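Hi there,

Here is the structure I promised to pass on. My notes on what turned up in it follow below.

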Amino acid sequence: MNATTTSDTKLVPDHAKPTCSRALRVGLFKNSALLMACRVAAMLVSLVTVPFVIKRLGLIGYGSWEVLLSVSTITTIFQNALGGTLLWRVSSAYGAGDMEEIRRLPGLGIAITLMVFVVTFPLVLAFRHPLVQLFHIPMELRASALVILPCIVGVTVLGGVNESLAAVLRGSQEAGYASVIQTLAGFTNAGVLLIGLAKGAGLWSLLAGYGVAALLTGIGYYLRASYLHGWFDIRPKMPRRQDVLAARRYLGLLSIGSFSSLLRGETDKLVLAGFASPAWVGIYAVAARMSSVVMESSNFFYNPTIAASGAMNGRGDWEGVKRLYVTMASVFPVAAGLVSVLVLSLYDRLTVLWLGRSVPGIAPILFLLVAGNAVAVILTGSGTSICKGLGKLEIETTYVVTGLILNIILTITLVLSVGAIGTVIASTVSWAIGAVLFIVLLHRHFDLPLLGTYRSVGALLYVAALVAVARVLIPVYTAQPDRLPALLSAIRLGSVVACVFLLPFILANGNALMNYMQMPMLRSARNGGLD
């Protein structure tokens with residue numbers, strides 16, 4: 001293996017060397033393409049597993065599992081912030097060519113993860129009985145839920161070890177490979193789950209698949225990171241004083257954002273379970289999975305954008321950051337807008353195609369969830385990812401805190417006035433207000449082109465108008481649940497809707513975006529990959 005010698009005489013593998021800003025932008029799109037392929041594969045797995053789970057456990061059983069999963073997810077607030085902080089630190093070190101720092105950082109995350117586990121696991125173990133009763137877990141599932149709840153919380157919290165290693169890959173411009181590892185582990189999860197359900201293991205099969213996937217993910221991350229930077233020492237390392245000083249502000253601000261995000265999604269499930277029943281949680285979970293493709297469409301580009309902007313900032317290339325913002329301000333609205341239009345225009349057909357049955361009561365929840373996701377991604381996706389890469393989270397934190405306060409106030413008010421559905425309404429409204437606040441603050445603090453934001457706002461209005469017209473013109477799918485007619489109808493109508501949506505974007509942005517994506521790669525190819 002070829003290597004170069006750094007100033008501290010350490011050997012740095014060629015594939016670990018920091019690259020120029022042009023190559024970072026090209027690498028961003030390569031990582032995004034790989035992420036897209038992996039997420040499509042993961043969604044195909046979901047198409048198989050979720051209907052099978054609902055068939056075996058019923059909507060109440062599926063909702064009960066989602067309640068247990070939500071409790072465990074809430075315990076990862078600090079873990080998510082830690083992973084984001086490590087991504088920022090690793091990407092900056094990668095841009096500066098500091099391989100020793102890259103090898104040291106995961107140990108800090110592992111040490112903090114173990115400390116969080118020592119605190120959270122005993123608490124959940126002690127309060128598992130009142131938690132299971134509070135969320136109306138059915139009596140026939142309660143005995144297993146009492147054991148599964150602390151187990152899944154433990155596995156989830158220890159997932160911080162995986163996130164620490166994943167930060168090394170993503171910060172080293174290897175987000176695509178990280179997604180491949182996660183997707184392969186997801187396949188294993190689905191396999192264990194389906195076998196367990198077929199054998200009658202019930203909720204235990206869900207826990208088994210979840211645990212196996214977490215273990216395989218960690219092994220895969222470790223092997224890939226070690227290939228890039230040499231075998232890692234994963235023994236916990238206590239943070240030094242300079243680590244605390246360098247990361248405390250970023251970590252604190254990111255924790256607020258993580259808390260707000262989890263409050264919006266996971267707390268909605270818990271409120272629905274506490275004020276209604278797990279059956280409502282099951283309906284919400286189905287709608288959330290359908291709406292999640294809107295957010296997934298941005299995730300193809302989100303982490304790669306953080307990593308690329310962090311590396312550019314580490315090199316002092318502010319002009320590169322500005323060009324990156326302009327590009328991503330065109331990409332996020334097209335990706336999220338197209339998915340939003342297709343899901344909302346064809347939701348009745350997609351539900352039958354996916355589950356083999358219609359789900360009464362899903363429409364209002366689905367429309368609210370997609371609306372919230374679309375507003376957040378289209379208006380703030382490019383800006384928040386750039387801010388994270390630069391280590392400037394103050395603006396995002398302001399909008400997050402504002403949305404969090406509004407969410408709490410509206411949730412209490414609307415749940416008392418309109419019932420459990422009020423928590424979903426509150427999340428969507430608060431998210432939209434916060435997103436508008438973010439773009440105002442972004443342009444006040446950073447000299448970023450306004451054209452991208454204007455196009456984002458226009459795209460959002462266009463999405464809303466197109467969905468309204470489509471739902472008026474497209475008849476409701478009232479036939480007997482049958483996947484084949486639903487598929488043919490969705491393909492036929494979806495093709496028309498997609499063409500109508502994409503046409504103005506292609507005319508406005510197509511040539512410029514294609515030239516931006518292709519020219520650096522073409523030049524690199526002509527120069528033998530040395531550009």
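Predicted model: local features only at pLDDT ≥ 70, side-chain atom pairs only at ≥ 80, totals over all residues.

Residues are numbered from 1 along each chain as its sequence is written, and side-chain values use heavy atoms, with hydrogens and water left out.

Now the cavities. On a 1 Å grid over the protein atoms alone, a cavity is a set of points where a 1.4 Å probe fits but cannot get out, and lining residues have an atom within 4 Å of a point. Grid points are joined across faces, edges and corners, and a volume is the space filled by probe spheres set on the points. Searching the whole structure gives two cavities of 30 Å³ or more.

The largest cavity holds about 50 Å³ of space. Its lining is made up of Tyr325, Ala329, Leu379, Ser382, Gly383, Ile439, Leu442, Thr453 and Ser456. At least two lining residues come from each of helix 10 (318-345), helix 12 (362-390), helix 14 (422-445) and helix 15 (450-473); helix 12 has the largest share, with three residues. For classes, Ala, Val, Leu, Ile, Met, Phe, Trp, Tyr, Cys and Pro count as nonpolar, Asp, Glu, Lys and Arg as charged, and the others, Gly among them, as polar. This lining then has five nonpolar, four polar and no charged residues.

The second largest cavity holds about 40 Å³. Phe78, Gln79, Leu82, Ile112, Thr113, Val116 and Val157 line this one, with helix 2 (77-96) and helix 3 (99-126) each supplying at least two of the lining residues. Its classes are five nonpolar, two polar and no charged residues.

Back to helix 14, which also contains Thr428. A polar atom of the Thr428 side chain lies 2.8 Å from the backbone oxygen of Leu368.

Best wishes

Terms used. 1 Å grid on protein atoms, 1.4 Å probe; cavity = no way out; pocket = protein on both sides within 12 Å on 5 of 7 lines; lining within 4 Å. Helix = DSSP H or I, 4+ residues; strand = E, 2+ residues; numbered from the N terminus. Polar contact = N/O pair within 3.5 Å; in protein donor to acceptor, adjacent residues only side chain to side chain.
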